[in-house]
Every structure is written in C-alpha cells, then in structure tokens.
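Here is a short briefing on one protein chain. Keep the sequence and the 3D view at hand while reading.

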Amino acid sequence: MPSAVDTTAPLVHTNPSTYPFLVAGTILVGAAQPFFQCTPPLLSAVWFAADERATSTAIALNFNQIGIATAFLVGGLMAADPSGLATYFGLISVLCTALTIGTLIQFADKPPIPPSTSELEKVMKNEKEPPFIESVKRLFSTKGFTRPLAAFICSISITNVVGTFIEEVLERGGVHGQGLIDLSGAGFEIAILAGGILIGGFVDRTKQYKAVTQLNLVSALFFLIPLGLTDHWIGQEPFLVVASMLGLGMAIGPVQPINAELAVDVTYPSDETAVESVQQIGGNFVSALLVPLAEVAARSDYELFPLREKLESDIRGDVVLMMFVTLATLVYFSGFDAPLRRTIADSNDER
C-alpha cells in the first residue's frame, strides 16, 4: 500500500545496512506465496463436495484480500514512520509464525473418504501428476482452457491495478484524508472476498460458469466508468466513486475463483495445482506489465460530449485501459464452448 512504500526511503536512508534484509524478506515472502495462492483448487477437490468447491476456492483464494485489507487499516496507522514500519513487520512475523505452527499441528493430507465421485475416480485410478512442464503442455492442448485463463488474468490484473493506484483513484474522485482512503481500500478488498463467497455459492448450485463470468465482466465495465469519469457540470462525486469501487470488487473479484474451478473442470483429471500455477503466473505477469502502462495512461484525459454543457466530462486513460482489457476478455471468453468433464463425472452425486 502507498503508506508502506512511502516510508521505505527514510528507513533506508536512516540505516542503509538494513536494506539487504528488507530485500531478502520481500523475496522470501514472494517465494512462499505460490504455496498459498496455487493450492486452493487442489484443497477444494480433495476436501469438498461438488456443490461446495467454488465457494471453498473463493474463500481460500480471496482470503488473501483480508490480509491486504488489514494492511490498509493497521498498516496505515502503524507504518507512519520507520519505527512504526519495523513494529508492523515484527507484528506480522509473530502472527504468521503462530498461524503456521497452528496449521502444522492440525494439518491432514486428505479425508478418509473422497468427497465426490470425480475425486474418488482419481484415487481408484491412482492418477499420478506428470512433471509441471508436461502438465502445462496438456493444459494448453485441452479445449476450453485458455478462455478461463484469460478471464482469471483479467480479474487479477484489474484488482492489482486498482489496488496499486487506489489512493490516486479515490483522491481524483473527491475522497480525501488517509483514514477515509484506508477504509475505502479495505472495503474494496473485503468486497472481493464477499463477492467470491456469494457468487461462488451460486455457481456451486448451478454450474453456470460461463453466464456468471460474462455477467460479472459486464458489471465490471460499468463499475469502472465512475472511477475515471469526471462530470464537469456535477463535479466530483465521492460517494459514487466509493460505491463503484465496492461494486467493482464484488463483480471482478469472483471471476478468479470461478474460472480457477472452470479451468480445473474442463481439464479433468488434470493437476489442479498446475492449473492454478499457470493462472497465477499469467495473472501476475500481465499485472506487472499493466501497472506501469496504467500509470502512464493516467496522465491522459479523454473528453466526452464537449458540445453539451450538462453532459461534458472527461475520463482518465488508466480507466480506459482497464475497460479495454475487460471488454477484450469478455469478447474472447464469450467463445467458451467446452465440456465440463469433472461435472459430468460428478453427475451421479447426491445433491
């Protein structure tokens, strides 16, 4: 978040010898992330029934947003200076260590009985996962895999760009004061999780992956507009900006877990971790490209309805860029037409 980044410079300037440790810590955190971000579909397949998996994946995958929301709320208060930042990192380290110990104590490999027919079939056939590179080749050769991959990449890219520039987005919309910005940022992250749970539950019951993804992408397009639109006649509209940001989180966030499950479904009996790894690599790679592009695009405004006084407005380039990415993804994803292999295998399960 911005406040944590801003405090790095004085911390380094005060004690340059600590900088290598900060870099090493950042690398270790990044190295640990795949073990958490790439395993939710596997967790859902092994432990949850066919009508629970999208919800389970949404909780496991999007609970990362609660950590980010906590950073907005707690980090914004604690990390106001180098000393506070050090205390904040120390608190995180202690809590993570305690949670890790608790997890190891309670960890179980799998339930006594597979929770679904599809998982039971994999166990009975003694399915062995091939090397990662071979799994990737199989995934890309499977009909239907690339479209949920595109939707996943779009979702994670939009949330990452908005999260990165959330302070700028809110301030240009009339939201001022670090406290309000932190609360709005936390609300955006919580909305991502809430949307994933609610919409994931609906997908679990209906298996309408395609229709729900399309509806969410269309909704995201509309919620993006107020984040970069300034109506010259009305002026700034803080309430509309915050409400749109929450709506965007509810709409675009669930696209990730839904399409993680869709990709696993169409490639069954594939390696669930390989599926999610490809999606995470693609999503983070595109995000890394999109963030600097959005920063450059934000310097441009595009005028709308210049000849109509009450409609005259302008829209920022970064929002135009995100809308283009979302629209392109919607068009590509709409061509999805592949059998839901795991759903077919689970068709005899009791509901």
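The side chains of Arg138 and Glu134 form a salt bridge, with N and O 2.8 Å apart. A salt bridge here is a side-chain nitrogen of Lys or Arg within 4 Å of a carboxyl oxygen of Asp or Glu. This is a predicted model: local features need pLDDT of at least 70, side-chain atom pairs count only at pLDDT 80 or more, and totals for chains, interfaces and linings use all residues. Residues are numbered from 1 along each chain as its sequence is written, and side-chain values use heavy atoms, with hydrogens and water left out.

**Salt bridges**

- The structure holds seven salt bridges.
- Arg138 and Glu134 are four residues apart in helix α9 (residues 132-140), so about one helical turn separates them. Helices (H or I, at least four residues) and strands (E, at least two) are DSSP runs, numbered from the N terminus.
- Arg138 counts as partly exposed at 47% relative accessibility. Glu134 is also partly exposed, at 35%. Buried means under 20% relative accessible area, exposed over 50%, and partly exposed in between (1.4 Å probe, protein chains only).
- Asp318 pairs with Arg172 at 3.0 Å, N to O. Asp318 lies in helix α17 (residues 317-333) and Arg172 in helix α11 (residues 166-172), so the bridge ties together parts 146 residues apart in sequence. Both Asp318 and Arg172 are buried.
- Asp301 and Arg316 meet in a salt bridge at 3.3 Å, N to O. Asp301 is in strand β2 (residues 301-304) and Arg316 in strand β3 (residues 313-316).

**Overall make-up**

- The protein chain has 18 helices and three strands.
- Of its 351 residues, 45% are buried.

**Nonpolar cores**

- The largest nonpolar core has 45 residues. Such a core is a set of buried Ala, Val, Leu, Ile, Met, Phe, Trp, Tyr and Cys residues joined through side-chain atoms within 4.5 Å.
- Helix α13 (residues 209-228) gives this core its largest share, seven residues.
- Ile158, Leu224, Leu227, Met245, Leu248 and Ile252 have the most contacts inside this core. Contact means heavy atoms within 4.5 Å.
- Apart from the 45-residue core lies another, of ten residues, including Val136, Ile153, Ala263 and Val275.

**Leu262**

- Leu262 sits in helix α15 (residues 255-266).
- Leu262 is buried, at 0% relative accessibility.
- Leu262 touches Pro148, Tyr209, Phe333, Phe336 and Leu340, leaving out residues up to four places away in sequence.
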